[in-house]
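Student: I would like a close look at a single part of this model, the place where the two chains meet. Please keep to what can be computed from the atoms.

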Amino acid sequence: MIESDDFVKSLEDIGFDFFTGVPDSNLGGIIATLMERRLYTPAVREDEAVAMAAGAYMAGKTPVVLMQNSGLGTCLNTLLSLNLIYQQPCLLIVSWRGFQGKDAPEHLIMGQTMTQLLDAVRIPHRTLSEQTAGDDLKWTAETFMKQRIPLALLLKKGVVRGIQP
Amino acid sequence: MRPEEGTIQSRARAIGAVLELLTDQPVIICNGFPSREACKQADRPTHFYMIGSMGVAPAIGLGVALSKPAKKVVVLDGDGNVLMGMGTLATVGALKPKNFLHVVLDNEVYGSTGNQPTFSRVVRLEQVAKAAGYVHVERVREREDLVYELKQMLAKDGPSMLLVKVTEQAEDVDRVPLDPREITRRFMKAIE
């Protein structure tokens, strides 16, 4: 398991310096680390978070938005009609609830269809794993710089340490 | 003048009055007629014209304001937009960026889609902002009151909301003629 402290440090090492989002239990450890270090700006909805990231990007920051995959549904229009067409990149760190059908009912359809949804709207994505974390972050930095659009790093449960071990 | 009295002006006239008082402040303008009317009257590289993503103009402004604390960031918004993204009033009120100025042009209708009524006829949006934690809120009608209050708010620490009641009248204006990618590039350079 990746320690959330190490994960946040590697994001900072590749230049990310503005963090916002809406919490999820899988992201609890990362958000706790960000809050402890006063790096996190909470949002109330995911569309607000990606729009805040757009503003921060235009003001010189390199933004990250954390969310549960249900939030992808909430912010879809903002991603399509703001971030994508205006070329305002941000890294979406999306927790993969409903992975392989093992979750509460409300997560199952999004859990099954999330990667197809991202493909359909042409948001590049990759799933983080402990074994490939170095390459995953390299891909993140390169895609951000090259494509200048939002991209998603998907996080399954237990890949980065949560609040409770 | 009490805010419920006095002569109401058109949104385009109110936008003109606001832009006359601004110089090099970053301005985020919501989708629909506000962006189109602002672009036609006084296009500046410091303007960010939002063409889609209804409801998130203050969220974009908040991202700019938090990242550039030395610049006063102005958001030109509409009543339908505020109602759609009302949660952001809480985010602004809680984070309290001093450099955030929210101007709401309230015509009580969805003007770009055929003037269907909004709830701002009965919901006082500046009072919602006040309850959410905005430091200064005012509601005006007359052009001279707008100018007076906006000058005050530009000089004071915020976050502030100036709600301007305007008529339903829309100017005969084209869509914003700029490519969205160009709007981003030019805005970034202008506020560097």
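How many residues does the contact take from chain A, and how many from chain B?

Tutor: This is a predicted model, in which local features need pLDDT of at least 70 and side-chain atom pairs count only at pLDDT 80 or more, while totals for chains, interfaces and linings use all residues. Residues are numbered from 1 along each chain as its sequence is written, and chains are lettered from A and ligands numbered from 1 in the order in which they are written.

The contact takes 25 residues from chain A and 25 residues from chain B, where two residues are in contact if their C-beta atoms, placed from the backbone, lie within 7 Å. On the side of chain A that touches chain B, the elements giving two or more residues are α3 and α4 of chain A. Helices (H or I, at least four residues) and strands (E, at least two) are DSSP runs, numbered from the N terminus. The most comes from α3(A), with nine residues. That side of chain A divides into 13 nonpolar, eight polar and four charged residues; Ala, Val, Leu, Ile, Met, Phe, Trp, Tyr, Cys and Pro count as nonpolar, Asp, Glu, Lys and Arg as charged, and the others, Gly among them, as polar.

These two helices also pack on each other. Helix α3 (residues 46-58) of chain A and helix α4 (residues 70-84) of chain A pack at an angle of about 35 degrees, their axes 7 Å apart. Axes are lines fitted to C-alpha atoms, for helices over the stretch in contact, and angles run from 0 to 180 degrees between N-to-C directions.

Among contacts in chain B between residues at least 6 apart in sequence, 73% join residues at least 24 apart.
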